[in-house]
Amino acid sequence: MAAAAAAAAGWRWLLRGARGAASRRACSSSGARARAASAAAQELQSSGRERFVLEHAAPFSAFLMDSFGRQHNYLRISLTEKCNLRCQYCMPEEGVQLTPKSELLTTQEIITLARLFVKEGVDKIRLTGGEPLIRPDVVDIVGELYKLEGLKTIAVTTNGINLTRLLPRLKEAGLNAINISLDTLVPAKFEFIVRRKGFHKVMEGIHKATELGYHPVKVNCVVMRGFNEDEVLDFVDFTKDLPLDVRFIEYMPFDGNKWNFKKMVSYKEMLDTIKQRWPELEKLPCETSSTAKSYKVPHFQGQISFITSMSEHFCGSCNRLRITADGNLKVCLFGNSEVSLRDHLRSGASEEELIQIIGAAVGRKKKQHAGMFNISRMKNRPMVLIGG
């Protein structure tokens, strides 16, 4: 089995290498990349190697497939534990104990791990935090990720405070998807929820993203009873004239965020409220691995979605893995089991050894999370130390 997986990985590497003639670094436009890729593909086909690869290569790395057959092609990497906001559902009011800088992943370690995961089948990487855009070399990291052959999507989840200033450079470096956190459309309430100023900077960031052609711009809204559930209709209306995907996220328990069931607003409650205002609301199709249930008001530019982690989990189709800023692999957002990839990297582990370690962790992934009430009693990191 291991030999077959290794052989398949070798042939996948061969195919990627041959197609590397269409490297993104060598092409200044998507049209040029397409022409180069086509030429490389024709060369492979003529030699017969492509046919062999297609017939013999495994469709997905065995190391990134768990015991329930879930293929993990989506990696979330936290770039920092620091944040310039103090959102109530994310960070304890007293703050968190930050990891010493020497124990955080270096830029080279981030790229090394990203390259390894992409080689094994990951085609989407999301940069998170903390707040990823406060990391000084975030543009360089995006640029290095863009060079990885086989990586289709480079995304970022940000609070939007620094977005207007950095987005043109991030786009040029290769960033092609954005999620922006915004839990209220009322400036005074914004300051209450995040314990900082900055509402207008976030709004500027949202508009800048739409101007630069990010369609849709995903807006993450954590809905909490007594805080912002009265703004659900306003957020839907926000999608009328802008290409947004407002994602209503059920309030989730993490260490230090004082979660309780009474604060959680289920997606069905939100959906009922929205349908009373817009009975013509349409359900949209979604991918199998999607975390979102998506809807659209006819004739609105944007759409809305619900992330139903608590009331209707989507563990059965989970394709996500996480690496924390200090280099730990988390196979489940709500699990407290972690493996330090940083320590193995720094002790000189080979690529094959790292793959085996990752594969073992993925193989131990449970069928589903423990349920909201059990999760609320489990010891886990605060959200800011996990990386969204």
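Start by selecting threonine 239: a polar atom of its side chain lies 2.6 Å from the backbone oxygen of valine 236. You are looking at a predicted model, where local features need pLDDT of at least 70 and side-chain atom pairs count only at pLDDT 80 or more, while totals for chains, interfaces and linings use all residues. Residues are numbered from 1 along each chain as its sequence is written, and side-chain values use heavy atoms, with hydrogens and water left out.

Threonine 239 sits in the loop between helix H9 (232-238) and strand E6 (244-250); helices (H or I, at least four residues) and strands (E, at least two) are DSSP runs numbered from the N terminus. At 2% relative accessibility, threonine 239 is buried (under 20% relative accessible area, 1.4 Å probe, protein chains only).

Next, select phenylalanine 192 and phenylalanine 227. Their rings form a stacked aromatic pair, 5.8 Å centre to centre with 25 degrees between the planes (Phe, Tyr and Trp rings, the last by its six-membered ring, pair with centres within 6.5 Å; planes under 30 degrees apart are stacked, over 60 edge-to-face, the rest tilted). Phenylalanine 192 belongs to helix H7 (residues 187-194), and phenylalanine 227 to the loop between strand E5 (217-223) and H9, 35 residues apart. Phenylalanine 227 is buried, at 15% relative accessible area.

Now move to tyrosine 295 and phenylalanine 306. Ring centres 5.8 Å apart and planes at 75 degrees make this pair edge-to-face. Tyrosine 295 is in strand E8 (residues 292-296) and phenylalanine 306 in strand E9 (residues 303-307); both residues are buried.

Conventions: Buried < 20%, exposed > 50% of the residue type's maximum accessible area, 1.4 Å probe, protein only. Polar contact = N/O pair within 3.5 Å; in protein donor to acceptor, adjacent residues only side chain to side chain.
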